[in-house]
Amino acid sequence: MHSLFPPLLGLFLAIMAFVARADESDGAALYAPCAACHGAAAEGNVDLRAPRLNHLRPVYILAQLDKFQRGLRGGNEASVAAQQMAESSDLLPTVARLPELAFHISELTSPASSSTLQGGDPIAGGKSFMRLCGACHGANAMGNVALNAPRLAGADDWYLLAQLQAFREGQRGRHREDRTGRQMRNMAAMLSDEQALQDVIAYIRSQQE
Ligand code: HEC
Ligand code: HEC
């Protein structure tokens, strides 16, 4: 009883500190090859059409990486951007280490991305969002893990537009085994025209912190 910390507790704390440090640097090392396109803080790069990732939950990141790897997303009929990402799957670590990578990305932070679109009406967009999208993505576009619906608040406006167009044109969500993508394809088709897309995006953008 001569020490405040029993020796074993001290050893335990030292190990935990080491594990925490190792995790942190491992995640960063796994992410390093992705930063060339997605940016050091996963803030996205519009010139490369590589979206922001740091607003996404690890479970959605993992699901999409799995789709890119298995050809459910980014196949022959997909956009050039999606094909580029599918090819970048070579840079991914082994399956066992993917959660570490996804977790690391979700812990990164960056300021809100700037707007590249004008002309969307957030009020009109809010009405269609509540009617068509909120049930899955949540009224504030924060996503719903149980429904596999990703968070949209915080996403780049140009990327939201590109994805909604890709779903509408059947470039994304086409693969037979892409169940969640097919679901989203039907929903994107319900937005009547380009203006309706812009309005919904203006609403989503109004929901980011
Ligand atoms: C050559 C550039 C490039 C590299 C390198 C790259 N990506 Fe991507 N990534 C993209 C592009 C472009 C897209 C958008 C695809 C689309 O439009 O469908 C994308 C999309 C994604 C998405 C889907 C996001 C969403 O909201 O659905 C995830 C997740 C992702 N990348 C993770 C990674 C990870 C992890 C790495 C590193 C192993 C990586 N990317 C490396 C270009 C790249
Ligand atoms: C039935 C549930 C459901 C509804 C309703 C729905 N979504 Fe989705 N949405 C999903 C799912 C699930 C995904 C993930 C698709 C995948 O796994 O590739 C998704 C993906 C998306 C993406 C791609 C995000 C990214 O990071 O790549 C966008 C954008 C999107 N939804 C917008 C909308 C909009 C706008 C509406 C309303 C018009 C809507 N969604 C309605 C379930 C839904």
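Modeller: Start with a definition: six donors count as octahedral if opposite donors are over 155 degrees apart and all others between 65 and 115. Keep in mind that this is a predicted model.

The iron atom of ligand 2 has 6 donor atoms around it, and their angles run from 88 to 179°, which makes the arrangement octahedral. The protein coordinates this iron through NE2 of H137 and SD of M184, at 2.0 to 2.2 Å. H137 sits in helix α5 and M184 in helix α7, so the pair ties together parts that are 47 residues apart in sequence. H137 and M184 are both buried.

Next, the shell. Ligand 2 is surrounded by 23 residues. Among the closest are K67, C133 and C136, along with H137 and M184. By class, the shell divides into 16 nonpolar, 5 polar and 2 charged residues. Four helices each supply at least two shell residues: α2 (58–70), α5 (122–137), α6 (157–168) and α7 (179–188). The shell also spans domains. Domain 1 (7–107) and domain 2 (122–206) each give at least three residues.

Last, the polar contacts to oxygen atoms of ligand 2. A polar side-chain atom of Y60 lies 3.0 Å from one such oxygen. For Y159, a side-chain N or O atom is 2.9 Å from an oxygen atom of the ligand. R172 also places a polar side-chain atom 2.9 Å from a ligand 2 oxygen.

Methods:
Residues are numbered from 1 along each chain as its sequence is written. Chains are lettered from A and ligands numbered from 1 in the order in which they are written. This is a predicted model: local features need pLDDT of at least 70, side-chain atom pairs count only at pLDDT 80 or more; totals for chains, interfaces and linings use all residues. Side-chain values use heavy atoms; hydrogens and water are left out. A residue is near a molecule or strand if one of its heavy atoms lies within 4 Å of it. A polar contact is a pair of N or O atoms within 3.5 Å; within protein, one must be able to donate a hydrogen and the other to accept it, and residues adjacent in sequence count only if both atoms are side-chain atoms. Ala, Val, Leu, Ile, Met, Phe, Trp, Tyr, Cys and Pro count as nonpolar, Asp, Glu, Lys and Arg as charged, and the others, Gly among them, as polar. Domain bounds come from an automatic or database domain assignment. Donors are N, O and S atoms within 2.8 Å of the metal (3.2 Å for Na, K and Ca); water is not among the atoms, so sites may look incomplete. Four donors count as tetrahedral if all angles lie between 85 and 135 degrees; four count as square planar and six as octahedral if opposite donors are over 155 degrees apart and all others between 65 and 115; anything else is irregular. Buried means under 20% relative accessible area, exposed over 50%, partly exposed in between (1.4 Å probe, protein chains only).
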